[in-house]
Amino acid sequence: MPKTKNGARGCAPKNRYCIGAKLSEHKFLRLLRGLADNMPVHELEPRTHISGKTIRSTYRALRAELASAVRAEPERFGGTGTVLFADGQLTECGREILRRVYRSREFRLYRKHHAPRLKDEFDERNLLVNKAVRMFCVVALPPAGLEADASNVINTLQLLEAIDFDLPLLRRFVEGRLPVDQPDGTANGCSNEFLDAARDVPRHHYPERRLYEDFRRYLLKNPLGRDPEP
């Protein structure tokens, strides 16, 4: 507990983002920034002088809250909730997107690097949603691309894969090192439509900042540790 000028113990530092937190608001936001920047615990610990145990538990709580936030405010985080959910329930479109993300090599590496000690399926589900949110924050989808209907599933998947999935042929194409009419243009499972979508994908300039600011604003209205709504 902090001390006053007279040496008496004062109250815990006020934290608008996490009710009853022992961390100051400044340190809490540094952890939120670390989560948004994809910073592993072992890198964030020496920079913040916060124990790895505290960082891991805070990360876990933030991932769980993020999974709720995309339902509560679907227009935030690149419109993630608009595509994945309808009336708070996972849509078929959203289910297919999460299934594709889960099966990707990138998610396996992401889980191994950032959360090797997941407690249960609940933690894994939250990590999966967290990964999907990051992909949506990178893609600058237009409003018309945020309609969660079956006809838009493939297009949405193409946009996400074009940004995040490691397809060597796709990367060469996007970087202009592969002619459009090259005979093997459909190799590695890439259709011509897929490559066209990859080339035309609009990128958000600051995806990590977008995630951080959206999450920070959400937590101002819905702090961690609040009483659950009846």
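These legends walk through several close-up views of a predicted model.

As the model is predicted, local features need pLDDT of at least 70 and side-chain atom pairs count only at pLDDT 80 or more, while totals for chains, interfaces and linings use all residues. Residues are numbered from 1 along each chain as its sequence is written, and side-chain values use heavy atoms, with hydrogens and water left out.

View 1. Helices (H or I, at least four residues) and strands (E, at least two) are DSSP runs, numbered from the N terminus. Reading from that end, the order is α-α-α-α-β-β-α-α-α-α-α-α-α. Of the 230 residues in the protein chain, 46% are buried. Here's the scale for that word: buried means under 20% relative accessible area, exposed over 50%, and partly exposed in between (1.4 Å probe, protein chains only). Now take contacts (heavy atoms within 4.5 Å). Among those between residues at least 6 apart in sequence, 61% join residues at least 24 apart.

**View 2. Helices α3 and α11 crossing.** Helix α3 covers residues 52-72, and helix α11 covers residues 207-221. Their axes come within 11 Å and cross at roughly 85°. Axes are lines fitted to C-alpha atoms, for helices over the stretch in contact, and angles run from 0 to 180 degrees between N-to-C directions. So α3 and α11 are roughly perpendicular to each other. For the naming, angles under 35 degrees count as roughly parallel, over 145 as roughly antiparallel, 65 to 115 as roughly perpendicular and the rest as oblique. Who meets whom? On the α3 side there are L62, E65, L66, S68, A69 and A72, and on the α11 side L211, F215, Y218 and L219. Sorted by class, this contact has 8 nonpolar, 1 polar and 1 charged residues. In that sorting, Ala, Val, Leu, Ile, Met, Phe, Trp, Tyr, Cys and Pro count as nonpolar, Asp, Glu, Lys and Arg as charged, and the others, Gly among them, as polar.

**View 3. The largest pocket, with about 260 Å³ of space.** Rolling a probe the size of a water molecule over the atoms shows where empty space is left. On a 1 Å grid over the protein atoms alone, a pocket is an open set of points with protein on both sides within 12 Å along at least five of seven lines, while a cavity is a set where a 1.4 Å probe fits but cannot get out; lining residues have an atom within 4 Å of a point. Grid points are joined across faces, edges and corners, and a volume is the space filled by probe spheres set on the points. The pocket has 16 lining residues, and V41, R56, H114, A115 and P116 lie nearest its centre. Helices α2, α3, α6 and α7 each supply at least two lining residues, and α3 gives the most, with 4. By class, the lining splits into 7 nonpolar, 4 polar and 5 charged residues.

**View 4. The one cavity of 30 Å³ or more.** What is the volume of the largest cavity? About 40 Å³. Its lining is made of G34, L35, N38, M39, Y59, R63, Y110, H114 and R134. The elements giving two or more residues to that lining are α1 (25-36), α3 and α6 (105-114). The class count is 4 nonpolar, 3 polar and 2 charged.

View 5. H49 sits in the loop between α2 (41-48) and α3. D87 belongs to the loop between β1 (85-86) and β2 (89-90).

**View 6. Around E45, in helix α2.** At 34% relative accessibility, E45 is partly exposed. Skip its neighbours within four places in sequence, and E45 touches I50, S51, G52 and I55. E45 and L31 are 14 residues apart in sequence, with 9.5 Å between their C-alpha atoms.

**View 7. A132 in helix α7, and L23 in the segment before α1.** A132 is buried, at 1% relative accessibility. A132 and L84 are 48 residues apart in sequence, yet their C-alpha atoms are 9.5 Å apart. L23 is buried as well, at 16%. The C-alpha atoms of L23 and T54 are 9.4 Å apart, with the two residues 31 apart along the chain.
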